[in-house]
Amino acid sequence: MGSRLRTILPIARGLLEPEEYNMQDIKARMKYSKEQQEYYYDRQCTKELLPLRPGDHVRVKPEPGSKEWRAATVVQQHASPRSYVVDVGGRRIRRNRVALRTDTSRSHVGFWKRHANSIPEPEPDPGNPHVVPTLQASTHMKRPAQDHHPDPPAAQENLTQVVIPSFGAADTKDSAQYTTRSGRQVKKPVKLDL
């Protein structure tokens, strides 16, 4: 209660009087402690999500009792911080940025991934050979021609060099030992067979 406890030790009577607290000092210390907690929480536990633009395709977090993330389109940014107005099947609703995820299946990135092979390459202009076409089919999706052999005798030589393992009596005695994919030798334990 703001006063010292009286003991059997001698003490000045003025020290036993109740002392008033400085409320401004206490509030300042509490505010400093809260600001310190906020600083360390924001630095380690949070991250700023990327802002959305009108027309972006997103998925809306499921409502209670549902598990389906519904497809929606961003209409505009709301006046509230980190909030957006989205169009879900003809209905406009407001959602916080946390409840919205970018829909990669309908975005331009997902479109290019799905339709990379069907987009034709533009033909270069013969009059201007220095212009590089800006739209190209995805070359990383094409397989390199590694198994192509121009002359058949070379291909047959490569086939004759392949060693085909034979499973005979020599392999049966080493069946207790095998090699894993990482290259480690595994030996099965020898058990007493009575």
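**Figure 1. Glu63, Arg70 and Arg95 are joined in a network of salt bridges.** In this predicted model, a salt bridge is counted when a side-chain nitrogen of Lys or Arg lies within 4 Å of a carboxyl oxygen of Asp or Glu. Glu63 pairs in this way with Arg70, the closest N and O atoms being 3.2 Å apart. Glu63 is partly exposed at 35% relative accessibility, and Arg70 is likewise partly exposed at 22%, where buried means under 20% relative accessible area, exposed over 50%, and partly exposed in between (1.4 Å probe, protein chains only).

**Figure 2. Arg59 forms a salt bridge with Asp103.** The closest N and O atoms of Arg59 and Asp103 are 3.3 Å apart. Because Arg59 belongs to strand β1 (residues 57–60) and Asp103 to the loop between β5 (100–102) and α2 (108–114), the pair ties together parts that are 44 residues apart in sequence; helices (H or I, at least four residues) and strands (E, at least two) are DSSP runs, numbered from the N terminus. Arg59 is partly exposed at 29% relative accessibility, whereas Asp103 is buried, with a relative accessible area of 5%.

**Figure 3. Asp25 forms a salt bridge with Arg29.** Their closest N and O atoms are 3.8 Å apart, and the two residues, 4 apart in helix α1 (residues 23–45), are separated by about one helical turn. Asp25 is partly exposed, with a relative accessible area of 38%, while Arg29 is exposed at 54%.

**Notes to all views.** Residues are numbered from 1 along each chain as its sequence is written, and side-chain values use heavy atoms, with hydrogens and water left out. As the model is predicted, local features need pLDDT of at least 70 and side-chain atom pairs count only at pLDDT 80 or more, whereas totals for chains, interfaces and linings use all residues.
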